[in-house]
Amino acid sequence: MAAVSEETGRIALDQRRPAKDVAKGYVRFMEGDVIFAKITPCMENGKVAPVSGLPSQFGAGSTEFHVLRPKSIDQRYLWYWLVSRRFRQQAQRHMSGSAGQLRVPVDYLRRSLMPVPPLLEQRHIVTRIDELFAEIEEGEAALADARKGLEKFRRALLKGAVTGALTEDWRAANPVGETGHDLLARIKSDRAAHDPANRRGRRAAEARPLDAPALPVIPKGWVWANVDQAKSGDQRNGISIPGSPTPPGTKALRLDALTVHGLDLKAVRYIPLPDERIADYRVNNSDLLISRANGSAEFVGRAVYVSQIGETVVFPDTIIRYPLGPDRQFGRWLEMAWNSALGRSQIHRLAKTTAGILKISQQDISQVALPIPPPSEVAESSVVSLTRFPLTKTRSPFWTPKPPTPCG
């Protein structure tokens, strides 16, 4: 069954066995037949194919296929009719059997009616459909190339934004008021005002200094800083409680909820968390969420800024939360700088493999240096870059849907 692609009519012909091995327990077919998956969900997914290009004239496959042998009808015309969604939807309504083992009865296929034009017209129809599908495939290939180009543009735009190249002309025409250093001083002052015991000051003093000589040159008025200097309150690791994919319970983000297009609030599980503990692990507006562990170098250390959450969701221990101030443009800037090539290169250098899993520690997160422009330039960079390429979305326009359930 796995050798038949969904809706494309392609069959993988790379498996060969002696005829004696398929004498029993297999359905036999031959060149020119059409095979039709009868079991759910394979039938609904479109595992229907014209048998063509067999190394020998005969083949064998799963007994979950019905075999149709066209007579006085074009093979591909029959296949296009059977694989059509309309026919599959009708067949689904006539399935019988127990849950999870529903099948299309062979009698239903025998009784089914289909329009049959003259053979020459059938072949004209098939030729035209093939041409249209070829055009679609060409369009999909062109779209894939465009996506690659778009990703290159995105990386170049991020680099231009976080190095100041994107706002170079604007900077020359606009005097700097509050500098990046002034902005950090203001953030520090606001933190101290909300933390008389100065706990955060002691924690910041324990952090290792940034490796300034290894950092690229940034424009005048900019300053290098780490995420600890930009936060408005205490960072926090998430909660570790086994969960369920379905309610009841409190919604908890899965690690794959942190996507390159923002926070995917459908990537959740449900955990038994008492109401009094929710506030400690709740995702709030203006939080910066950073993934701490994953097997993928692309994913570890990914940051997502949450401008507005709108519902109660907690985060797991594989994510660390940094609360930021109310300035959303600054929060988006930090996300952009963190996920840029400049930030990613530092993350890749600092991340370590532990027990086969790539991780980045909280201490190493504090060593990632981020360029901080003056507030007015943060606003200008955000407007220019987000207008030309939206970096944060609820869902991507090219979001890949959940794959269908595997079948026998």
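Modeller: Two residues are said to be in contact when heavy atoms of theirs lie within 4.5 Å. Keeping in mind that this is a predicted model, let us look closely at Thr40, whose place is in the loop between strand β2 (34-37) and helix α1 (42-45). If we leave aside its neighbours within four places in sequence, Thr40 is in contact with Met95, Gly100, Gln101 and Leu102. Thr40 counts as buried because its relative accessibility is 16%, and the cut-off for that word is under 20%. The side chain of Thr40 also makes a polar contact, at 2.6 Å, with the side chain of Glu44.

The buried residues of α5 are Gln122, Val126, Arg154, Leu157, Leu158, Gly160, Ala161 and Val162, and the helix is followed by Gly164, whose phi is positive, near 90 degrees.

Elsewhere, the largest nonpolar core has 40 residues, and Leu334 is among those with the most contacts inside it. Helix α11 (residues 328-339) gives the most to this core, with six residues. Leaving aside its neighbours within four places in sequence, Leu334 is in contact with Ala230, Leu324, Leu370 and Ile372. A second, separate core has 25 residues, including Ile241, Leu255, Leu258 and Phe315.

Notes. Residues numbered from 1 in each chain as written. Predicted model: local features only at pLDDT ≥ 70, side-chain atom pairs only at ≥ 80, totals over all residues. Heavy atoms only, no water. Core = buried A, V, L, I, M, F, W, Y, C linked by side-chain atoms within 4.5 Å. Buried < 20%, exposed > 50% of the residue type's maximum accessible area, 1.4 Å probe, protein only. Helix = DSSP H or I, 4+ residues; strand = E, 2+ residues; numbered from the N terminus. Polar contact = N/O pair within 3.5 Å; in protein donor to acceptor, adjacent residues only side chain to side chain.
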